[in-house]
2 protein chains.
Amino acid sequence: MFENKERTEISQLGEFGLINHLAGFFENKQPSTIMGIGDDAAVIDNGGNEYGLLTVDAMFEGVHFDLTFHPLKHLGFKAVATAVSDVCAMNGTPTQILISLGLSNRFSLEAVEELYDGIRVACDKYQVDLVGGDTTSSPRGLSLTVTVYGTVAKEKLSKRSGAKEHDLLVVTGDLGAAYMGLQMLEREKKVFMDHPNVQPDLEGHEYILGRQLRPDARLDIVQTLASLNIVPTSMIDISDGLASEIHHLGMHSACGFDVYDEKLPIDTQVMDRAMQFDLNPSVVALNGGEDYELLFTVGQEHYETLKSHPDFTIIGHTTANKGAYRLIGKSGAAFEMKAQGWQHFKG
Amino acid sequence: MFENKERTEISQLGEFGLINHLAGFFENKQPSTIMGIGDDAAVIDNGGNEYGLLTVDAMFEGVHFDLTFHPLKHLGFKAVATAVSDVCAMNGTPTQILISLGLSNRFSLEAVEELYDGIRVACDKYQVDLVGGDTTSSPRGLSLTVTVYGTVAKEKLSKRSGAKEHDLLVVTGDLGAAYMGLQMLEREKKVFMDHPNVQPDLEGHEYILGRQLRPDARLDIVQTLASLNIVPTSMIDISDGLASEIHHLGMHSACGFDVYDEKLPIDTQVMDRAMQFDLNPSVVALNGGEDYELLFTVGQEHYETLKSHPDFTIIGHTTANKGAYRLIGKSGAAFEMKAQGWQHFKG
């Protein structure tokens with residue numbers, strides 16, 4: 001089974017390449033497994049009216065977060081929110097979570113309490129129960145693994161596959177703020193390291209900093225879609241960046257996408273900061289990542305409803321041109337939309 | 001809520017103290033949460049005929065395993081088996097797992113393939129589907145977090161609570177072998193570090209080494225109990241050591257236990273090794289940990305069935321003396337059975 005005995009670096013495959021490679025060695029045997037590896041959450045048939053949804057998300061200090069500028073309370077909230085987001089991406093409602101914590105001896109009880117205070121706030125906000133976990137020593141730093149269980153009515157399940165030709169491509173909220181928040185925090189950290197007496201200059205940037213440090217899962221959107229009687233034909237959450245997620249939808253749904261540059265929802269704070277950092281705001285919106293907004297496709301019959309709704313922006317549509325992901329500029333010129341992403345904070 | 005701003009070391013509370021302390025800040029809100037923190041797995045009502053069971057287990061290199069003597073394939077198997085064991089401890093059947101992997105750049109694709117080969121063997125053995133996970137960079141070493149989902153018929157759920165007065169205390173398999181295996185591996189590692197030319201002397205000790213490196217979950221016992229029409233009044237798996245688990249059952253069931261020293265099931269390899277290491281075999285059996293056998297209580301009506309069955313040993317019984325855990329020696333003298341455990345490899 002594993003004949004290649006040379007040393008191959010994991011980085012040659014990347015995260016998705018590695019997962020696809022390893023998934024090939026496994027076969028599902030349980031009739032209750034409706035969907036396994038390859039979407040935002042696994043789908044399980046429990047014999048009830050709803051499907052069960054199951055997902056896990058890990059965060060390591062020094063890889064996914066930096067405690068020099070990430071308050072522990074916000075980090076606890078973020079760990080839950082980003083995992084809950086995966087259940088929302090299936091059009092589901094989270095109900096229970098488990099927390100597995102790795103702690104080096106650097107952390108005191110008071111630090112762990114701060115972290116759990118944020119976890120508790122998130123549990124209240126998303127109405128999920130913390131039902132278990134595991135707390136253990138780690139050889140270095142802090143790590144947090146959050147398992148989320150949730151449910152979805154069978155007829156409302158939204159997978160990455162299912163987008164049809166001429167479907168609208170819709171995104172919630174705005175894009176790129178979490179990435180710009182991270183750029184600001186890293187710049188101020190560097191200034192502080194070089195000049196410890198200089199106070200960090202973060203005032204007036206609360207929105208983009210909050211988007212990085214304490215992002216929200218769009219559970220409200222799952223509820224809004226239900227109240228509008230809209231079931232997406234496909235859906236995903238934006239963790240790695242819009243372009244990367246569009247590639248996922250296209251790959252799973254076997255379609256292409258045309259996206260209109262001028263339609264990308266970008267906050268003015270992101271516009272300002274991007275220009276100050278000499279970055280193209282559209283590139284930030286496409287590749288920034290960590291927005292945790294929802295990206296979905298729906299039939300054209302929902303155009304009027306979505307067009308006038310403040311939570312949604314129609315940014316493009318599917319095409320029959322499988323594997324073609326095009327960004328259309330104001331002039332009408334089309335560019336290939338690569339899924340490179342910065343992926344700084346997603347392993 | 002968190003008024004104490006001094007620095008308190010986590011070690012002052014211990015793992016269970018920390019979990020209990022933090023659990024106090026959370027309240028369950030979901031009607032589907034039948035049982036949350038405090039047992040081997042959480043219990044969820046999905047609206048079907050069976051309950052869902054959910055548990056997570058984390059292992060860190062340098063804390064829970066040592067790759068100088070732990071083959072990656074065995075480690076992959078062990079990670080799944082030890083997590084599956086928690087579902088067995090609820091009298092449940094595991095059906096799906098998720099793996100969250102943290103990898104430093106020391107690990108090649110070939111190493112990860114070895115690990116997943118062991119995971120695959122365990123998935124086949126326990127008939128569970130690998131339905132998702134997360135693979136990410138870690139700042140140091142290897143970490144594995146396994147989430148297990150399973151089911152149990154509502155009337156067969158076995159919790160830590162529920163033991164009644166005069167119930168029999170029963171254990172599966174034998175005890176102490178995993179701990180003695182670890183002692184041998186650590187001794188041979190030390191010899192090898194001091195004298196790299198000396199070959200490790202591990203022949204003839206395959207049983208105890210296997211119990212440490214590649215332990216099994218007792219899913220077969222869940223099936224045997226079903227075929228014998230026996231539902232334990234309480235149950236737990238032995239991860240931290242028999243004495244520690246007896247304390248858990250007693251605390252949750254509000255009872256005491258009398259355990260008979262001469263009844264403790266100990267393999268002859270464990271007897272021999274314990275004496276060579278100048279250890280009392282009973283102490284090894286009581287506190288060694290990592291046996292992953294099942295420990296349960298049942299009504300006395302099952303005495304004849306269990307007494308003659310090769311998988312089970314009746315080692316004692318419950319008492320009304322809440323909080324009293326006594327080890328009765330051959331002479332009839334009773335000793336207090338403390339739950340100190342070595343707990344080397346369980347955070």
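Guide: To compare copies, they are superposed by least squares on the C-alpha atoms of residues with pLDDT of at least 70 in both. The model here is a predicted one.

Visitor: What makes the two copies related as by a two-fold rotation axis?

Guide: Chain A can be laid on chain B by a turn of 180° with a shift of 0.0 Å along the axis, and the RMSD is then 0.0 Å. The two chains are thus related as by a two-fold rotation axis. In chain A, A:Gly48 has the C-alpha nearest that axis, 2.2 Å from it.

Visitor: How do you know that the same surface serves both copies?

Guide: Two residues are in contact if their C-beta atoms lie within 7 Å. By that test, 100% of the contact residues of chain A recur in chain B, and the same surface therefore serves both. Chain A puts 75 residues into the contact, and chain B puts in 75 residues.

Visitor: Which elements of chain A each supply at least two residues of the side that touches chain B?

Guide: Among them are α1 (14–23), α3 (109–126), β4 (93–103) and β6 (142–153) of chain A. The most comes from β5(A), with nine residues. By type, this side of chain A has 29 nonpolar, 31 polar and 15 charged residues.

Visitor: Why is chain A called as compact as a globular protein of its length?

Guide: Chain A has 10 helices and 13 strands. Its radius of gyration is 20 Å, and the globule rule gives 20 Å for 347 residues, so chain A is as compact as a globular protein of that length. The C-alpha atoms of chain A fill a box of roughly 55 × 50 × 50 Å along the principal axes.

Visitor: What share of the residues of chain A count as buried?

Guide: A residue is buried if 20 or more other C-beta atoms lie within 10 Å of its own. In chain A, 54% of the 347 residues count as buried.

Visitor: Why is one side of β1 and of β5 of chain A left without a neighbour in the sheet?

Guide: Six strands of chain A form an open sheet, in the order β1-β2-β3-β6-β4-β5, with mixed pairing. β1 (33–35) and β5 stand at its edges with a single partner strand each, so one side of each has no neighbour in the sheet. On average, neighbouring strands of this sheet are turned by 20° against each other, direction ignored.

Visitor: What makes β1(A) and β2(A) a pair?

Guide: Two strands pair if DSSP finds at least two bridges between them. β1(A) and β2(A) have two bridges, so they count as a pair, in the antiparallel sense. The bridge partner of A:Thr33 in β2(A) is A:Ile44.

Note on methods
Residues numbered from 1 in each chain as written. Chains lettered and ligands numbered in written order. Predicted model: local features only at pLDDT ≥ 70, side-chain atom pairs only at ≥ 80, totals over all residues. Helix = DSSP H or I, 4+ residues; strand = E, 2+ residues; numbered from the N terminus. Nonpolar A, V, L, I, M, F, W, Y, C, P; charged D, E, K, R; others polar. Rg over C-alpha atoms; globule rule 2.2 N^0.38 Å. Buried ≥ 20, exposed ≤ 12 C-beta atoms within 10 Å, placed from the backbone. Axes fitted to C-alpha atoms, helices over the stretch in contact; angles between N-to-C directions.
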